[in-house]
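Please look over the sequence and the structure below before reading on. The report works through them topic by topic.

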Amino acid sequence: MTRRDLLRLLFSLGLLPAAPKLKSESLFQAGPLKGVDFVLRNSPTSRKYLIETMPGGVALLDYNNDGLLDIFLVNGGHVRDPMRSPLSFDRHDPVYWNRLYRQNKDGTFTDVTEQAGLSNAGDVNYGMGVAVGDYDNDGFSDIYVTSFGKNVLYHNNGDGTFTDVTAKAGVAAGGWSASAGFLDYDNDGKLDLFVTRYLDWNVENSKTCGAERPTYCPPGEFPATTNILYHNRADGTFEDVSVPSGIAAKKGHGLGVAFADYDGDGYTDIFVANDAIEQFLFHNNGNGTFTECALDSGAALNENGKMPSGMGVVFQDYDNDGLPDLLITQLPHEPYVVFHNDGRGSFSAQELETGFGVLSGKSSGWGIGLEDFDNDGWKDVFIVQGHVFDNVQMYDSSLRYREPPLVALNRQGHFEKANPGSDLPVAGRGAAFGDLNNDGWMDVVTTSLGERPQLYVNRGGRLHWLTIILRGVRSNRDGYGARVQVNGQVRFATATGSYLSSNDKRLHFGLGSAESADIEIEWPSGIHQALRGVKADQFIVVEESEHL
Amino acid sequence: MIHVLLFASLLLQAQSVESAVPPEAATLLQSGVDAENRNDLDQAITAFRKAADLAPSTGLVFFRLGDAYMKKRDYAEAIPPLKRAAELNPDSLPVHQLLGYALLAEGYASDAIPHLEMVREYGALGIAQLQAGQPAEAVANLQTALAKSPEDPDLLYYLSRAGTLLSSQSLDKLLSAFPATARGHQALGQNYYVVKMFPQAAKEYEQALALRPDLPGLRLELGQVYAASSDWEQAAEQFREETKLQPGNAEAAYRLGDALLQQGKMKEAAEELRRSNLLRPDMPETLYSLGRAEAVSDPTAAEHALGRVIELEKQTFLAGQAYLALAGIHRKQDKTEQAAHEMQEYRRIQALALRPGA
């Protein structure tokens, strides 16, 4: 009997919660974040420089360990029209700063950017994304910001301030970086860093497409480039192992990245959402090298056999069979992609069968989350949307530049559209997922070009939940890479996924009507830990046990 | 085109144009011909002009003068002597042929037509008719010319232009004379569809349907508008109505099946695609969609359908897609070697498609 069969049996016996009926009212109350005056300034120009339509990321992290999620927002910069060398994006100007907002106990936010030492983003860096992880295992979350230009690693000093340690750490990258994430690919207990890079683009080779109706050029107009893997040397420095690991063997148009151990061999694998070429699945060989195997594993092309314009990606289990699946957002007229993990290391595209495809035909998706928003035991989807072209209607009048988000509720593996709580159309880009008010119901923060971020507060309900905070000891302190099973559902511990963004690292599970839970954790160290009869509706810290 | 067709046999035939030429004029005529043979066209023209002054009723002299100007590509100067030659020898085919070309080259397309008709120069005649705004006649004559020279790119180009103009004229007439008819709205709908103005296209088709709900093909086209804008549910609805209207229409059944497939309704899609395959067997697109629809519920039937696509298509893009779909089926069945072989075939076909000139 497969896990899926078991779950179906449990469901039929009433041991798993029944899915609630679709409510006409939204799960979310949408609105601005109180105290957040950040505007994502992408600076669109008449030259249609590709960078200006691609930012920007958002991270939900508890930087000061007060138990409340704070928000870090990545800004673009000032793009001159036309751009000239030497490049400057005027990031010294406060309107172009990245911003850190500390959450107060009353749910409002205070801008602490300057006092935290995060105001200097570097004039030559046009901001893109953000990754969060405790790379030095000191108990405080560090921040890595990606850019067109140089990336920056901010070490969290533990006193509310950060220090730019990029030069010492050796993680500046260069070129055009997009999404990034921390993972422990060699299970040595230290978080490594993966950075996707989009294109080999610069002012000199920039071009405008569309002749009489100028617009942004597709990625195929520019050379592909490599992604970067940095190995953590455990002394505050990183080594670029892109070439010896095999990551640099493949050039692509990387935008999104997500991690999970898809074949259960105990090593975290890497999936890169590529724009308009085959997707990349880097299988971790367990010896410091990776083999790209997306095409042979069935995770490179969509169900129509086409190359997705991959933007955002999430690598979690949507059908509760215990295996991580892939959901990928992309451009309109091809459905958002679902690669179902069939086991034995293979995937099959199932966006049509799951109903996911038909929800997305006209939309352009970016940030994506697979979270159990209604706590019914099945992970739902939230996608922030908006087309690449600000003049897309000139090309196809059925499409829109600004779109509301998509929320789809998971009905035992089949997705149904739900009310997102806002029909306000925006040029959405980043999205991060977490429980901002610690009520046990997952919230969302989104970014959109030229606008303030939007908060989607989960209205909550009566069903039960459990949120697990991992504390690695032998494994990395964040517990990234752990496989956590709660009442038959599985999550892979990571803050990485979505688009350019970083999620709440705490692991949230909807329990339905169950008032307690059995927890099983497979730590990256190989330690197996089980907790039985854990009371529902609480945040529980699980420290890695000492013994295998 | 004109240069290509010009002059081929005119000079040989020209000798028969005239009989009696005054001796002095004959000497000048011969001198002109000699100069022409030396490629000294200016000298030839001078000689022919003097001959024409001496023999103003001799058609051959004017013909040779016009011909020399044509060789010099001075079509404007060629026209008067050729017209005079035609007056003097109204039945001479070479004169009319040359005059027709000269007039056409100078943009007097309507004037050229009777001369080209007389000599049955269908290619040049079609071009003249196209330029004179007679696309229907142009299409007919260019097709006649293409029957003799089917690979002539110039003729194909002008035929394409004539076809477009004919279509445009018909549409203009339809829209100006019958704007509120079903066909008028349908034509507008097609125009909007081509330029990807899908909402506007759908509106036109809806208006057409309101006027003639039973007009075959309308719902098929409207369904395609919805499909192009990824409105699969509405597309399926229209295709379904078309299948009711035309139960024997294989395309309508195929499109309905594909729209259902895009909605993830695999069982319904497979039923409709099987029906389409019965109505018109061995359509590769139908079989490919059928294979995908049956991949989960009936892998054997899917294998059969996709295998048939490969038999029919061999090395096309669709054959590659069929290999890819088969690999997915066999991977699920743990038939890894078979899947690996199919992926190899997929890659081979992809490589062929990427080859320069492919």
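## Model and interface

This is a predicted model. It holds a contact between two chains: 23 residues of chain A are in contact with 22 residues of chain B. On the chain A side, two elements each supply at least two residues. They are α4 (294-297) and β23 (346-349) of chain A. The chain A residues that touch chain B divide into six nonpolar, 11 polar and six charged.

## Sheet β16 to β19

Chain A has an open sheet of four strands in the order β16-β17-β18-β19. Its pairing is antiparallel. β16 (254-260) and β19 (290-292) of chain A stand at the edges. Each has a single partner strand, so one side of each is left without a neighbour in the sheet. Neighbouring strands here are turned by 20 degrees against each other on average, direction ignored.

β16(A) pairs with strand β17 (residues 269-274) of chain A over six bridges, in the antiparallel sense. Within that pair, A:G254 stands opposite A:N274.

## Sheet β24 to β27

Another open sheet of four strands in chain A has the order β24-β25-β26-β27. The pairing is antiparallel in this sheet. Its edge strands are β24 (365-371) and β27 (414-418) of chain A, and each pairs on one side only. On average, direction ignored, neighbouring strands of this sheet are turned by 25 degrees against each other.

Five bridges join β24(A) to strand β25 (residues 380-385) of chain A, and the two run antiparallel. The bridge partner of A:G365 in β25(A) is A:Q385.

Strand β7 (residues 142-148) of chain A is mostly covered, with seven of its seven residues buried. In a regular strand the side chains alternate between the two faces of the sheet. Here both faces are covered. A:D142, A:Y144, A:T146 and A:F148 lie on one side, and A:I143, A:V145 and A:S147 on the other.

β7(A) has antiparallel links to β6 and to β8 of chain A. Six bridges join strand β6 (residues 126-133) to β7(A). In this pairing A:G133 stands opposite A:D142. Three bridges join β7(A) to strand β8 (residues 152-156) of chain A. There, A:V145 stands opposite A:V152. β7(A) and β8(A) form a hairpin with three residues between them. A:G149 in the turn has a positive phi of about 130 degrees.

## Strand β2

Which residues of strand β2 (residues 58-61) of chain A point one way, and which the other way? A:V58 and A:L60 point one way, while A:A59 and A:L61 point the other way. All are buried.

β2(A) is joined to strand β3 (residues 70-73) of chain A by four bridges, and the two run antiparallel. A:L61 stands opposite A:D70 in β3(A).

In soluble globular proteins, nonpolar side chains tend to be buried together. The largest nonpolar core has 209 residues. A:I71, A:V130, A:F271, A:V313 and A:L327 touch the most other members. Helix α20 (residues 317-332) of chain B gives the most to this core, with eight residues. Domain 2 (178-281) and domain 3 (284-358) of chain B both give residues to this core, so it lies between them. A second, separate core of 49 residues includes B:A55, B:A78, B:V95 and B:A112.

## Loop residue A:K207

Where does A:K207 lie? A:K207 is in the loop between β11 (192-197) and β12 (225-226) of chain A. Why is A:K207 classed as partly exposed? The reason is a count: 13 other C-beta atoms lie within 10 Å. Exposed would need 12 or fewer, and buried 20 or more.

Leaving aside neighbours within four places in sequence, A:K207 is in contact with A:C217 and A:E221. A:C217 is 10 residues apart from A:K207 along the chain, and their C-alpha atoms are separated by 7.0 Å.

Definitions and conventions: Residues are numbered from 1 along each chain as its sequence is written. Chains are lettered from A and ligands numbered from 1 in the order in which they are written. This is a predicted model: local features need pLDDT of at least 70, side-chain atom pairs count only at pLDDT 80 or more; totals for chains, interfaces and linings use all residues. Two residues are in contact if their C-beta atoms, placed from the backbone, lie within 7 Å. Ala, Val, Leu, Ile, Met, Phe, Trp, Tyr, Cys and Pro count as nonpolar, Asp, Glu, Lys and Arg as charged, and the others, Gly among them, as polar. Two strands pair if DSSP finds at least two bridges between them. Axes are lines fitted to C-alpha atoms, for helices over the stretch in contact, and angles run from 0 to 180 degrees between N-to-C directions. A nonpolar core is a set of buried Ala, Val, Leu, Ile, Met, Phe, Trp, Tyr and Cys residues joined through C-beta atoms within 7 Å. Domain bounds come from an automatic or database domain assignment.
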